[in-house]
Amino acid sequence: MRLRRLDSSVAKTASFAVIHLAIAVALGWLFTGGFVLGGLLAFIEPAVNTLVAHNLERAVARARIAPRRRAILLSSSLAGSHLVVAIGVGWTLTGSFVAASAYAVAEPLANAVAHHFFSRWWDARRAAALPEPA
């Protein structure tokens, strides 16, 4: 049986997931001093954030407020909780509030910059693969 090619958006997301994980592990290693500890940080922090995000989404969905305000509440809650969870998990694993805070700020920033350049590269690659217009 022949497998179909992945949809372009799925392939792009999966490709960047590998880059995101590599950045998270590398920064975890840099801030903890240990590859295993950095890897644990890179895997545990998103897992906890996923659980927190799920519960926040359920809680905000029950709020009886306008959809626009609900979206703002959810976004700000997710941003705040993500920072708190990242610092909390980092501090639990490292025992250093400074290292945990640095990781919690540096990792999303590094991934945002990487995503910008990855997205530009992906779009250029895709455009080059398209046939020339007649």
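Helices (H or I, at least four residues) and strands (E, at least two) are DSSP runs, numbered from the N terminus. By that definition, Trp29 is found in helix α1. The model is predicted, so local features need pLDDT of at least 70 and side-chain atom pairs count only at pLDDT 80 or more, while totals for chains, interfaces and linings use all residues. Residues are numbered from 1 along each chain as its sequence is written, and side-chain values use heavy atoms, with hydrogens and water left out.

**Overall chain**

- The protein chain has 4 helices and 0 strands, in the order α-α-α-α from the N terminus on.
- The radius of gyration, taken over C-alpha atoms, is 19 Å for the protein chain, whereas a compact globule of 134 residues would have one near 14 Å (the globule rule is 2.2 Å times the number of residues to the power 0.38).
- The C-alpha trace spans about 60 × 45 × 35 Å along its principal axes.
- Of the 134 residues, 25% are buried (buried means under 20% relative accessible area, exposed over 50%, partly exposed in between, with a 1.4 Å probe and protein chains only).
- Among contacts (heavy atoms within 4.5 Å) with a separation of 6 or more, 62% join residues 24 or more positions apart.

**Helix α1 (8-32)**

- α1 has 25 residues and reaches 36 Å from its first C-alpha to its last, close to the 36 Å expected at 1.5 Å a residue (the expected span is 1.5 Å times one less than the number of residues).
- Its buried residues include Phe16, Ile23 and Leu27, and their cover includes α2 and α4.
- Just after α1, Gly33 takes a positive phi of about 85 degrees.

**Helix α2 (35-61)**

- The end C-alpha atoms of α2 are 39 Å apart, which agrees with the 39 Å that its 27 residues should span.
- Among the buried residues of α2 are Gly38, Leu41, Ala42 and Glu45.
- What covers the buried residues of α2 includes α1, α3 (67-94) and α4 (97-129).

**Nonpolar surface patch**

- Leu21, Trp29, Phe35, Val36, Leu40, Phe43, Ile44 and Val48 form a nonpolar patch on the surface, with about 750 Å² of accessible area together (Shrake-Rupley method, 1.4 Å probe; for residues, only the protein chains shown count as cover).
- Patch residues have over 30% relative accessible area and no salt bridge; like charges are joined within 9 Å, and nonpolar side chains (Val, Leu, Ile, Met, Phe, Trp, Tyr) within 5 Å.
- A salt bridge is a side-chain nitrogen of Lys or Arg within 4 Å of a carboxyl oxygen of Asp or Glu.
- α1 and α2 each supply at least two residues of the patch, and α2 gives the most, with 6 residues.
- Trp29 is partly exposed because its relative accessible area is 47%.
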